[in-house]
Amino acid sequence: MPARVRLALIVFATLSILGAAGVLVFAKPEPATPVSADGFAGALSPPDVAVRDFSLRDQDGRAASLREYRGRVVVLTFMYSTCQDTCPVTAQTIRGALDQVGHDVPVLAVSVDPTHDTPDTAERFLVKQSMSAGRMRFLLGTRSQLRPIWKAYGIRPQGNGFEHTAYVAVLDRTGRQRVGFPIDHLTDRDLAHDIRRLEATPA
């Protein structure tokens with residue numbers, strides 16, 4: 001066999017082996033969702049935290065409160081409508097989780113920038129993130145109305161020179177926060193996992 005042909009065959013065989021190894025590496029399944037002893041992917045909240053209800057208005061001017069969602073699992077997060085980085089990522093991750101669950105659950109986004117969040121900017125944000133038409137409600141209010149809610153959930157609002165606390169809470173059917181995700185630990189898969197688990201848990 002000519003040397004050039006033998007060399008070509010050796011190169012081809014080597015590339016084939018490397019290609020097969022690459023397929024095996026990239027085809028490795030994702031690791032299972034890490035869960036706590038209670039079966040949740042998010043951080044568990046203390047069981048004795050009191051339920052804090054609120055009454056605000058959404059981007060359409062409709063009244064919104066936690067009371068109206070009793071008996072349903074609720075995703076609660078904190079955003080501002082002119083955000084260009086963290087908030088869009090949060091909205092898209094929540095959207096991905098709802099797609100994985102296979103049906104919508106109530107999603108409430110509480111304003112952390114009452115000076116600049118308006119019904120128009122909130123609606124534009126929801127449309128841009130494909131979370132309009134009831135898929136997410138953007139809740140607005142004055143600073144004095146929002147401050148007790150921020151405090152109850154440990155949220156620092158948006159300010160000059162610092163970013164707001166980026167956080168997603170999942171509330172059970174009684175309105176109590178059961179798990180929470182700092183944004184740097186939030187994935188659509190983990191959020192979907194905890195929504196399903198809470199939906200399967202009797203009130």
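1. Aromatic pairs. The count comes to two aromatic pairs, where rings of Phe, Tyr and Trp (its six-membered ring) pair if their centres lie within 6.5 Å, with planes under 30 degrees apart called stacked, over 60 edge-to-face and the rest tilted. This is a predicted model: local features need pLDDT of at least 70, side-chain atom pairs count only at pLDDT 80 or more, and totals for chains, interfaces and linings use all residues. Residues are numbered from 1 along each chain as its sequence is written, and side-chain values use heavy atoms, with hydrogens and water left out.

2. Phenylalanine 78 and tyrosine 153. The ring centres of phenylalanine 78 and tyrosine 153 are 5.8 Å apart and the planes are at 45°, so this pair is tilted. Phenylalanine 78 belongs to strand 4 and tyrosine 153 to the loop between helix 4 (143–152) and strand 7, so the pair ties together parts 75 residues apart in sequence. Helices (H or I, at least four residues) and strands (E, at least two) are DSSP runs, numbered from the N terminus. Both phenylalanine 78 and tyrosine 153 are buried, that is, under 20% relative accessible area, with exposed over 50% and partly exposed in between (1.4 Å probe, protein chains only).

3. Phenylalanine 125 and phenylalanine 138. This aromatic pair is edge-to-face, at 5.9 Å centre to centre and 85° between the planes. Phenylalanine 125 lies in helix 3 (residues 119–128) and phenylalanine 138 in strand 6, so parts 13 residues apart in sequence are tied together. Phenylalanine 125 and phenylalanine 138 are buried.

4. Nonpolar core. The largest nonpolar core has 51 residues, and those touching the most other members include Phe78, Ile94 and Met136. Such a core is a set of buried Ala, Val, Leu, Ile, Met, Phe, Trp, Tyr and Cys residues joined through side-chain atoms within 4.5 Å. Helix 2 (residues 86–101) supplies the largest share of this core, six residues. Leaving out residues up to four places away in sequence, isoleucine 94 touches Val75, Thr77, Val107, Met131, Met136, Val168 and Leu191; contact means heavy atoms within 4.5 Å.

5. Eight strands form an open sheet in the order 1-8-7-4-5-6-2-3, with mixed pairing. Two strands pair if DSSP finds at least two bridges between them. Strand 1 (43–44) and strand 3 (63–65) are the edge strands, each pairing on one side only. Strand 2 (residues 55–58) pairs with strand 6 (residues 137–140) in the antiparallel sense over two bridges, and arginine 57 stands opposite leucine 140 in strand 6.
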